[in-house]
Each structure stands twice: as structure tokens, then as C-alpha cells.
Amino acid sequence: MRDSLTGRFFNQVDRLSQERGRRYFMRGAVSFIEGDARSVHAGVQGTYLYDVRASIDKHVIHTSCTCPYFERELEPCKHIWAALLAAEQSGFLAGVESVAAPHLRGVVPPKVSKQIPASRGNAKNLLESSW
């Protein structure tokens with residue numbers, strides 16, 4: 001697990017967020033994801049459809065989520081973990097492999113509506129893909 005995307009961040013996210021995030025991922029709560037080798041943008045369905053983003057900047061992976069927990073704590077939440085699992089499955093954020101010691105850092109999310117569109121034109125719809 002250490003060489004996988006989520007394996008690189010395993011010790012930086014509390015276990016409860018990981019467990020809940022994995023359950024969200026497994027039940028298909030990541031409704032869309034788009035990205036590339038250096039960034040990812042996803043919608044994760046919780047109480048609302050939350051906007052999750054992650055991007056690589058040197059040795060830091062900036063993360064954000066519009067959920068109340070993340071906005072209060074600026075710590076990786078279950079929605080971020082679910083999005084990282086989906087990114088791993090989709091091959092996004094592959095640029096992390098070239099970072100010697102990547103570190104997750106919470107950043108204030110961009111101001112967007114908490115209820116973002118469930119479908120996006122060029123986004124990968126994970127609910128329709130086969131697991």
C-alpha cells in the first residue's frame with residue numbers, strides 16, 4: 001500500500017476519516033472526478049454534494065473540501081479520502097510518484113456553492129463505471 005497514492009498519505013489522515021472515506025468510495029459517493037497527473041477535482045456526496053480538490057505544488061499536495069469539518073479544521077476529511085481513492089482508481093495525481101516526501105496541506109476551498117452539479121461534461125462519472 002505504501003507505493004499507491006493513498007499509501008503515500010496513509011499516516012497523514014486520521015483513521016476514522018480513512019474508514020468513512022473508504023465507505024463513501026465503495027458505495028459510489030464520488031459522483032464525478034476529473035483531473036490529470038498534478039490535480040484532481042471531484043464531487044463527493046455527503047449531506048450535500050461537496051467540492052473536493054487536490055493539486056501538487058512541489059512537495060506539498062494542497063487539498064480542499066467544502067464540507068463543514070474541513071472548513072473548520074483544514075484537515076483531510078472523509079470526502080478528501082474518498083476522492084483520493086477515486087483519483088487512485090482513475091490514474092489521476094500520478095505526479096505524486098515523483099515527489100520524494102509528499103505532504104498533504106489543507107487550503108481554504110474556493111468559494112463555490114456547496115451543491116455543485118452532479119454531472120459535468122468532461123468528467124468521469126464513477127457511478128456509471130464498473131468496479
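The paragraphs below lead through this structure from its overall layout to a few individual residues.

The structure is a predicted model, in which local features need pLDDT of at least 70 and side-chain atom pairs count only at pLDDT 80 or more, while totals for chains, interfaces and linings use all residues. Residues are numbered from 1 along each chain as its sequence is written, and side-chain values use heavy atoms, with hydrogens and water left out.

The chain holds four helices and five strands, where helices (H or I, at least four residues) and strands (E, at least two) are DSSP runs numbered from the N terminus. Read from the N terminus on, these elements follow the order α-α-β-β-β-β-α-α-β. Of the 131 residues in the chain, 47% are buried; here buried means under 20% relative accessible area, exposed means over 50%, and partly exposed lies in between, with a 1.4 Å probe and protein chains only. Among the contacts in the chain with a separation of 6 or more, 66% are between residues 24 or more positions apart, a contact being heavy atoms within 4.5 Å. The accessible surface of the chain is about 6900 Å², and carbon and sulfur atoms account for 51% of this surface; such areas come from the Shrake-Rupley method with a 1.4 Å probe, and for residues only the protein chains shown count as cover.

The largest pocket holds about 200 Å³ of space. Its lining consists of 14 residues, of which Arg20, Tyr69, Cys77, Lys78 and His79 are the closest to the centre of the pocket. A pocket is found on a 1 Å grid over the protein atoms alone, as an open set of points where a 1.4 Å probe fits, with protein on both sides within 12 Å along at least five of seven lines, and lining residues have an atom within 4 Å of a point. Grid points are joined across faces, edges and corners, and the volume is the space filled by probe spheres set on the points. At least two lining residues come from each of α2 (15–26), α3 (68–73) and α4 (78–90), and α2 gives the largest share, with four residues. Sorted by class, the lining has seven nonpolar, four polar and three charged residues; Ala, Val, Leu, Ile, Met, Phe, Trp, Tyr, Cys and Pro count as nonpolar, Asp, Glu, Lys and Arg as charged, and the others, Gly among them, as polar.

Two salt bridges are found in a search of the whole structure, the term meaning a side-chain nitrogen of Lys or Arg within 4 Å of a carboxyl oxygen of Asp or Glu. One joins Asp51 to Arg53, with the closest N and O atoms 3.0 Å apart; Asp51 is buried at 2% relative accessibility, whereas Arg53 is partly exposed at 30%. The other joins Arg72 to Glu73, with the closest N and O atoms 3.2 Å apart; Arg72 is exposed at 58% relative accessibility, and Glu73 is partly exposed at 40%.

Backbone angles come next. Most residues other than glycine have a negative phi. Lys58, which is not a glycine, has a positive phi of about 60 degrees, and this residue lies in the loop between β3 (49–57) and β4 (60–65), where Lys58 is exposed with a relative accessible area of 68%. Leu93 also has a positive phi, near 65 degrees; Leu93 sits in the loop between α4 and β5 (103–106) and is buried at 2% relative accessibility.

Finally, Ser4, in the segment before α1 (5–9), is partly exposed at 22% relative accessibility. Ser4 and Ala94 are 90 residues apart in sequence, while their C-alpha atoms are 9.5 Å apart in space.
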